Amino acid sequence: PTGATGSADMAIKSQGAASLQVMPSTPMVQLLSRQFVGTEIGAVPTARIGLDVYLTAAPGDGLFVALWMECKSKALYGYFVDNFGLKTKGVQANMWSRIVWNIKPEAVTALREASDCVVRLDFAGLNQPIHVDNLNFDP
């Protein structure tokens, strides 16, 4: 992570062995996925990407998560998907919440065909630890 430290937390997780606990050192934190290729995900089953988040305190008005995508081999650079306000979407403390972004058709095509895609999450207004887990394509 940029603007934070990250560590595996095996106690708080939504699936699998652990979640990523992000401890912010600045109010703006960036997380990058590993690079992936379209053949890893096959035909993208949906035009939605989801992420599970867990907060230990209620989110403030200014806590947002923005989703960006980049697939250079398909000329998709700094593609902004959307901004998600955690408080306005009903995210609560001490429970997992699923947040979902809708992806436009041109980005779905790039995901299906590209060899070098990366997803970036920008957390703005982050003033508390956050756990993230299960970043994937939603049905």
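Me: How many bridges join strand 5 to strand 8?

Reply: Please note that this model is predicted. Strand 5 and strand 8 run antiparallel and are joined by eight bridges.

Me: Which strands form the open sheet, and in what order?

Reply: The open sheet consists of four strands in the order 3-8-5-6, with antiparallel pairing. Strand 3 and strand 6 are the edge strands, each pairing on one side only. On average, neighbouring strands of this sheet are turned by 20 degrees against each other, direction ignored.

Me: How many bridges link strand 3 and strand 8?

Reply: Five bridges link strand 3 and strand 8, again in the antiparallel sense. Among the residues concerned, Leu32 has Arg120 in strand 8 as its bridge partner.

Me: How should I read the nonpolar core, and which residues have the most contacts inside it?

Reply: In soluble globular proteins, nonpolar side chains tend to be buried together. Here the largest nonpolar core has 36 residues, and those with the most contacts inside it are Met69, Leu86, Ile99, Trp101 and Phe123. The elements that each supply at least two residues of this core include strand 4 (48-55), strand 7 (96-102) and helix 2 (105-113).

Me: Which residues is Phe123 in contact with, leaving aside its neighbours within four places in sequence?

Reply: With those neighbours left aside, Phe123 is in contact with Pro27, Met28, Val29, Leu31, Leu51, Phe64, Val65, Ile130 and Val132.

Methods:
Residues numbered from 1 in each chain as written. Predicted model: local features only at pLDDT ≥ 70, side-chain atom pairs only at ≥ 80, totals over all residues. Heavy atoms only, no water. Core = buried A, V, L, I, M, F, W, Y, C linked by side-chain atoms within 4.5 Å. Buried < 20%, exposed > 50% of the residue type's maximum accessible area, 1.4 Å probe, protein only. Contact = heavy atoms within 4.5 Å. Pairing = 2+ DSSP bridges. Axes fitted to C-alpha atoms, helices over the stretch in contact; angles between N-to-C directions.
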